[in-house]
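This briefing is meant to be read with the structure open beside it. Please keep the model in view and find each part as it is named.

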Amino acid sequence: MATFWVGALGACLMVPYRGEGAPILDGDIGTDWDVSGVYVFADEAGDVTGVSDSGYDILATHFYYDSTPDVLYVAIDTDGIAGDADGDGNPGNWGGANPAPNDVDPADYGFGGGQGITVYESFGVAFDMNRDETYDYVAGVRPNGDYTDDAGLYVWGGGADFWYDDDWDSYSGAATTSWSPSPGDSAPDIEFKITGFSLLNNNSKVIDFNFRVHNGSFGDNIGEDFAVGSVPEPRVLGLLATLSLMGAFRRRRRVATEGT
Ligand SMILES: [Ca+2]
Ligand SMILES: [Ca+2]
Ligand SMILES: [Ca+2]
Ligand SMILES: [Ca+2]
């Protein structure tokens with residue numbers, strides 16, 4: 001538990017934006033996420049091992065909830081084009097001069113063959129809706145899937161991580177997802193929305209969940225990236241703020257009492 005909170009606190013950087021209108025799912029975060037109420041969680045740059053720049057490197061995760069239509073918007077900003085494993089500008093090509101075994105870069109967040117192994121490229125945003133440290137849903141591309149056909153909402157299957165296809169169970173509820181185009185030159189970011197998000201939250205429109213993001217591939221020679229956080233804010237920070245306010249109030253009362 002402590003590990004989780006240390007990670008969550010370390011990753012959390014909330015930046016309030018000002019503006020109006022819902023983000024546009026065009027695959028380019030650009031300026032259309034410049035709206036009031038967006039939560040931005042920055043992640044360390046350059047933390048994918050094996051390459052200097054990788055589209056597996058998460059730079060920030062954005063969340064925006066519009067309660068009237070009950071839509072959660074999510075964006076994942078990566079270094080360069082999302083899913084461009086080696087950062088050569090082509091998310092479906094390994095451009096390294098001397099590729100090692102299993103240096104592959106599958107297109108469309110799909111899967112590709114290395115030397116004697118199949119490399120699955122995937123990403124997901126897992127949601128712990130009741131903060132019981134067990135993820136409940138995951139939105140993304142499951143291992144053994146691809147962006148065009150398999151980007152969607154799934155039930156978290158109880159696995160410890162994002163590695164296995166059987167960690168992603170079918171979701172049969174009424175919430176739906178929409179996705180930005182498969183990442184490429186004109187759509188370098190991952191953007192999606194979940195319509196009917198409160199259906200995942202006991203019909204509550206109070207946004208209050210933990211999340212964990214994964215982006216990368218398993219079985220290859222380079223790393224992947226993870227990011228964790230809590231929306232709207234880590235409860236421990238809220239508790240500390242409350243305790244701080246209570247302490248200040250008591251101090252003021254004591255000073256006021258001593259002054260009489
Ligand atoms: Ca990163
Ligand atoms: Ca790729
Ligand atoms: Ca590439
Ligand atoms: Ca849970």
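D32 is partly exposed, because 17 other C-beta atoms lie within 10 Å; a residue is called buried if 20 or more other C-beta atoms lie within 10 Å of its own, exposed if 12 or fewer, and partly exposed in between, with C-beta atoms placed from the backbone. This is a predicted model, in which local features need pLDDT of at least 70 and side-chain atom pairs count only at pLDDT 80 or more, while totals for chains, interfaces and linings use all residues. Residues are numbered from 1 along each chain as its sequence is written, and chains are lettered from A and ligands numbered from 1 in the order in which they are written.

**Around D32**
- D32 lies in the loop between α1 (2-11) and β1 (39-42), where helices (H or I, at least four residues) and strands (E, at least two) are DSSP runs, numbered from the N terminus.
- Leaving aside residues up to four places away in sequence, D32 touches P23 and I24, a contact being two C-beta atoms, placed from the backbone, within 7 Å.
- D32 and G21 are eleven residues apart in sequence, and their C-alpha atoms are 8.0 Å apart in space.

**The sheet**
- An open sheet of five strands runs in the order β1-β2-β3-β10-β9, with antiparallel pairing; two strands pair if DSSP finds at least two bridges between them.
- The edge strands are β1 and β9 (176-179), each of which pairs on one side only.
- Strand β2 (residues 58-66) pairs with β3 over eight bridges in the antiparallel sense, and I58 has T78 as its bridge partner in β3.
- β2 and β3 form a hairpin with four residues between them, and D70 in the turn has a positive phi of about 60°.
- Six bridges join β3 to the antiparallel strand β10 (residues 190-195), where F192 is the bridge partner of V74.
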